[in-house]
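Have a look at the sequence and coordinates, then read on.

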Amino acid sequence: ASYGIGGQYAKELAKRGCNLIIIGHDAAGLKTVETAIKQKYPVQVRSLVADFSNGMEGFDAVKAVLKDLDVGVLINTAAVDLSYKTFDLLAGADMKRCIDVNCGTPTVMMNMVLPGMLAKKKGIIVNFGSFVAEANCPMPTVYPSTKAFCHKLTRDMQVWYKDSGVIFQTVIPGVVGSPMADNTPPSLLIPSPEQYTSSLVKTVGWVDTTCGYLPHDLQLATMKALN
């Protein structure tokens, strides 16, 4: 939640009166988001710097902070991308880090908070896939594959815990003008993080899988038809 969609989603939750723990690897970015929320909304906010690419160390730090807290909503936006190279030119260490963060984070974080949600018979968990997981993307295929994992994982959770009271949602965004997309200028098909998240948050509880933004839904449908 240091920037981009994660930071904006935190602001949307604060707007709705949720107290927050925002987690990320960028201390300065977290502080900026925390300060902005505190200045605008009367909620409690705490930021935590954690590295999810380093085994269980980051997760253990989160677990200690969450102990005895009532967690009602989990938004998993943590992700790292790879250099634009073919698979044979990628570094093994970079690929492993991508898999660890993109697949390990939603898996372990859900495992951490789900027991409490099941006990209350309510909760919301949102995981992020991507357009690139729905198309043939050989450059580089590892990142899209990790996003396909997130979609599959969430889909199975939806089935397994269908009557639990816990809502699971997969988000499949297209290009958003965030740092991960090199801050591409906004347009109809490339919304700003603010525009995108404002639209996305309204879909929770209504659809299990969504692009979160109507032009992206149309893009994805067209892409699947042509693939």
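## The sheet

Four strands make up an open sheet, ordered β3-β4-β5-β6 and paired in parallel. The edge places go to β3 (73-76) and β6 (209-210), each of which has a single partner strand, so one side of each has no neighbour in the sheet. Two strands are called paired if DSSP finds at least two bridges between them. The parallel strands β3 and β4 are joined by four bridges, and L74 has I125 in β4 as its bridge partner. As background, strands of a sheet pair through backbone hydrogen bonds, in a parallel or an antiparallel way.

## Where the numbers come from

This is a predicted model, so local features need pLDDT of at least 70 and side-chain atom pairs count only at pLDDT 80 or more, while totals for chains, interfaces and linings use all residues. Residues are numbered from 1 along each chain as its sequence is written, and side-chain values use heavy atoms, with hydrogens and water left out.

## The chain as a whole

The protein chain has seven helices and six strands. Helices here are DSSP runs of H or I with at least four residues, strands are runs of E with at least two, and numbering starts at the N terminus. Going along the sequence, the pattern reads α-β-α-β-α-β-α-β-α-β-α-β-α.

On overall size, a compact globule of 227 residues would have a radius of gyration near 17 Å, and the protein chain agrees at 17 Å. That radius is taken over C-alpha atoms, and the globule rule is 2.2 Å times the number of residues to the power 0.38. The C-alpha trace spans about 45 × 40 × 35 Å along its principal axes. Buried residues account for 44% of the 227, with buried meaning under 20% relative accessible area, exposed over 50%, and partly exposed in between (1.4 Å probe, protein chains only). The accessible surface of the protein chain is about 11,900 Å², and 57% of that belongs to carbon and sulfur atoms; the areas come from the Shrake-Rupley method with a 1.4 Å probe, and for residues only the protein chains shown count as cover. Among contacts (heavy atoms within 4.5 Å) between residues at least 6 apart in sequence, 67% join residues at least 24 apart.

## Two nonpolar cores

A nonpolar core here is a set of buried Ala, Val, Leu, Ile, Met, Phe, Trp, Tyr and Cys residues joined through side-chain atoms within 4.5 Å. The largest one has 22 residues, and Y9, L20, I22, I37, F128 and Y196 touch the most other members. Two or more residues each come from α1 (4-15), β1 (20-24), α2 (27-40), β4 (123-128) and α6 (193-200). Helix α1 gives the most, with five residues.

Which residues does I37 contact, leaving aside neighbours within four places in sequence? They are A10, K11, A14, L20, V43 and V45. There's also a second, separate core of 20 residues, including M117, L153, V166 and F168.

## V171 in β5

V171 sits in strand β5 (residues 166-171) and counts as buried, at 0% relative accessibility. Not counting residues up to four places away in sequence, V171 touches V126, N127, F128, G129, S130, Y196, L200, T210 and C211. V171 and E194 are 23 residues apart in sequence and 16 Å apart in space, C-alpha to C-alpha.

## Salt bridges

Side chains of opposite charge can pair when their charged atoms come close. The cut-off used here is a side-chain nitrogen of Lys or Arg within 4 Å of a carboxyl oxygen of Asp or Glu, and a search of the whole structure finds seven such salt bridges.

In helix α2, K38 and E34 lie four residues apart, about one turn, and their closest N and O atoms are 2.7 Å apart. K38 is partly exposed at 46%, whereas E34 is buried at 6%. Helix α4 (residues 92-120) holds D100 and K96, again four residues apart, bridged at 2.7 Å, N to O. D100 is partly exposed at 23%, and K96 is exposed at 51%. In helix α5 (residues 142-160), K152 and D156 are four residues apart, with a closest N to O distance of 3.2 Å. K152 is partly exposed at 43%, and D156 is partly exposed at 36%. Salt bridges that share partners also link E12, K15 and R16 into one network.
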